[in-house]
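Work through the exercises below with the coordinates open. Try each task before reading its solution.

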Amino acid sequence: MKRKFSDRANWRRIVNRTYSCRTCREDEFTGLVTYYHIHKLRDPLMKAYKGKKLCLADENYLWLQHFPARERFVVTTMFDDKGHVVQWYIDICRKQGTTDQGVPWFDDLYLDIVVLPSGEVMLLDEDELEDAVKSGEITRNEAEDATEIANKLMALIEAGDFPYFDLSLRNYKQWKLDQDKRT
């Protein structure tokens, strides 16, 4: 199982970036929100889904992450250089926490959900989840928990009751306003 850190300090693709984290306590969301603004990178990050190729990271892209308190998932919203959502990526996790330096992290349980702006929803890495059980990295119960969490989240998404889509757009607009004030 991999522990993933929101500051991506070891991401060699990135040459220059800014990173910030803030605590959010609102009616709609309590947790941590991180902003990973890519200024310069060695090469863009491309990903293909069902034959459609997407650029997930390039210059002036922003990765905004929500770490909801007491939940077992993390939502990453990837914005392009024009402020359009490229995708929402939901990692199912065993647990989440912060380092002594205040950097949020999560222990990845392999199973992921991708939601495209078109509304298409994809469950990814079921094979990795099963391989992790077979290799003893996680237990069968943890795999079943991950699947149950993913199914609940996909049901919320399908019902239009997943708040992180609107929340990420609002957080992006606020981040953009804050950036414009600094320049």
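Just after helix 1, glycine 136 has a positive phi of about 85°. Keep in mind that this model is predicted.

**Exercise 1. Find which residues of helix 1 are buried, and where they lie around its axis.**

Step 1. List the buried positions: Leu129, Ala132 and Val133.

Step 2. Recall the helix geometry. An α-helix has 3.6 residues a turn, so residues three or four places apart point the same way.

Step 3. Look down the axis of helix 1. The buried residues fall within an arc of 100°, so they line one face.

Step 4. Check the face turned away from the buried side. Asp127 and Lys134 are exposed there.

Step 5. Identify the packing partners. The buried residues of helix 1 pack against strand 9 and helix 2.

**Exercise 2. Determine how helix 1 and helix 2 are oriented relative to each other.**

Step 1. Take the two axes. They come within 9 Å and cross at roughly 165°.

Step 2. Apply the cut-off: angles over 145 degrees count as roughly antiparallel. Helix 1 and helix 2 are therefore roughly antiparallel.

Step 3. Assign the hand. Helix 1 passes helix 2 in a right-handed crossing.

Step 4. Name the residues in contact. Helix 1 contributes Leu129, Glu130 and Val133. Helix 2 contributes Arg140, Ala143, Ala146 and Thr147.

**Exercise 3. Describe the largest nonpolar core and its contributors.**

Step 1. Count the members: the core holds 34 residues. Phe73, Ile90, Ile92, Ile138, Leu153 and Phe162 touch the most other members.

Step 2. Elements supplying at least two residues each include strand 3, strand 9, helix 1 and helix 3. Helix 2 gives the most, with six residues.

Step 3. Inspect phenylalanine 73. Beyond four places in sequence, its contacts include Ile90, Ile92, Leu153 and Phe162.

Step 4. Look for another core. A second, separate one has 18 residues, including Leu41, Leu54, Tyr89 and Leu124.

**Exercise 4. Decide whether asparagine 16 is buried, partly exposed or exposed, and find its contacts.**

Step 1. Locate the residue: asparagine 16 is in strand 2, residues 14–25.

Step 2. Classify it. Its relative accessibility is 41%, so asparagine 16 counts as partly exposed.

Step 3. List contacts beyond four places in sequence: His37, Ile38, His39 and Lys40.

Step 4. Compare the chain with space. Asparagine 16 and histidine 37 are 21 residues apart along the chain, and their C-alpha atoms are separated by 8.8 Å.

Notes: Residues are numbered from 1 along each chain as its sequence is written. This is a predicted model: local features need pLDDT of at least 70, side-chain atom pairs count only at pLDDT 80 or more; totals for chains, interfaces and linings use all residues. Side-chain values use heavy atoms; hydrogens and water are left out. A nonpolar core is a set of buried Ala, Val, Leu, Ile, Met, Phe, Trp, Tyr and Cys residues joined through side-chain atoms within 4.5 Å. Buried means under 20% relative accessible area, exposed over 50%, partly exposed in between (1.4 Å probe, protein chains only). Helices (H or I, at least four residues) and strands (E, at least two) are DSSP runs, numbered from the N terminus. Contact means heavy atoms within 4.5 Å. The arc is that of the directions from the helix axis to the C-beta atoms. Axes are lines fitted to C-alpha atoms, for helices over the stretch in contact, and angles run from 0 to 180 degrees between N-to-C directions. Angles under 35 degrees count as roughly parallel, over 145 as roughly antiparallel, 65 to 115 as roughly perpendicular and the rest as oblique. A crossing is left-handed if the near helix is turned anticlockwise from the far one by less than a right angle, and right-handed if clockwise.
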